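Please examine the sequence and the structure shown below. The paragraphs that follow lead through selected features in turn.

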Amino acid sequence: GWQEVENSALALAEASNLLMIPGRFCENGKPVPVQEDTYRKAAEGLAAAGRAAYKAAQSKNMDAMLDVSETVSVACSNCHEPYRDFDDQRQRCTPGGVTSSGD
């Protein structure tokens with residue numbers, strides 16, 4: 001199913017709201033950087049990608065889903081690359097993986 005694809009697309013769009021809840025912490029104990037423009041724009045991009053995927057899923061057209069898959073992939077990378085994709089978990093939730101000397 002297409003219903004599952006629609007539901008997953010909506011979950012992606014709604015996940016951006018969860019990502020922006022203040023006071024949350026990354027798994028390494030650092031605060032989620034909700035105040036940073038890069039992070040905020042990435043969350044907004046995820047919401048837009050989820051909405052685009054939902055629209056494509058509603059069309060029940062596999063070509064439309066394939067077209068939007070790059071949009072979803074880029075939206076995920078816009079957050080994962082600067083904030084998450086580090087071998088050293090202490091670097092997560094820090095733009096570019098920069099850690100202070102006390103970390």
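This is a predicted model: local features need pLDDT of at least 70, side-chain atom pairs count only at pLDDT 80 or more; totals for chains, interfaces and linings use all residues.

With regard to accessibility, C76 has a relative value of 30% and counts as partly exposed, whereas C79 has a relative accessible area of 16% and is buried.

The structure does hold one disulfide. This bond joins C26 to C93, with an S to S distance of 1.3 Å. Its partners come from distant parts of the chain: C26 belongs to the loop between α1 (2–19) and α2, C93 belongs to the segment after α3, and 67 residues separate them. The torsion about the S-S bond of C26 and C93 is about -75°, and the disulfide is therefore left-handed. Both C26 and C93 are buried; for C93 the relative accessibility is 14%. K60 is located in the loop between α2 and α3 and is partly exposed, with a relative accessible area of 48%.

The next topic is charge. Side chains of opposite charge can pair when their charged atoms come close. A search of the whole structure finds four salt bridges. In one of them, the side chains of R84 and E27 meet, with N to O at 3.3 Å. R84 is in the segment after α3 and E27 in the loop between α1 and α2, so that this pair links parts of the chain 57 residues apart. E27 also forms a salt bridge with R92, and here the closest N and O atoms are 2.4 Å apart. Because R92 lies in the segment after α3 and E27 in the loop between α1 and α2, this second pair ties together parts that are 65 residues apart in sequence. Another salt bridge brings together the side chains of R90 and D88, at 2.7 Å from N to O. Through shared partners, salt bridges join E27, R84 and R92 into one network.

The largest pocket has a volume of about 380 Å³. Of the 19 residues that line this pocket, L19, Y39, C79, H80 and R84 are the closest to its centre. Two elements, α2 (37–59) and α3 (62–83), each give two or more residues to the lining. The largest contribution is that of α3, with five residues. By class, the lining has 14 nonpolar, one polar and four charged residues.

Finally, helix α1 contains S16. At 6% relative accessibility, S16 counts as buried. Residues up to four places away in sequence aside, S16 touches A43, L46 and A47.

Methods: Residues are numbered from 1 along each chain as its sequence is written. Side-chain values use heavy atoms; hydrogens and water are left out. On a 1 Å grid over the protein atoms alone, a cavity is a set of points where a 1.4 Å probe fits but cannot get out, and a pocket is an open set with protein on both sides within 12 Å along at least five of seven lines; lining residues have an atom within 4 Å of a point. Grid points are joined across faces, edges and corners, and a volume is the space filled by probe spheres set on the points. Helices (H or I, at least four residues) and strands (E, at least two) are DSSP runs, numbered from the N terminus. Ala, Val, Leu, Ile, Met, Phe, Trp, Tyr, Cys and Pro count as nonpolar, Asp, Glu, Lys and Arg as charged, and the others, Gly among them, as polar. Buried means under 20% relative accessible area, exposed over 50%, partly exposed in between (1.4 Å probe, protein chains only). A disulfide is a pair of cysteine sulfur atoms within 2.5 Å. Contact means heavy atoms within 4.5 Å.
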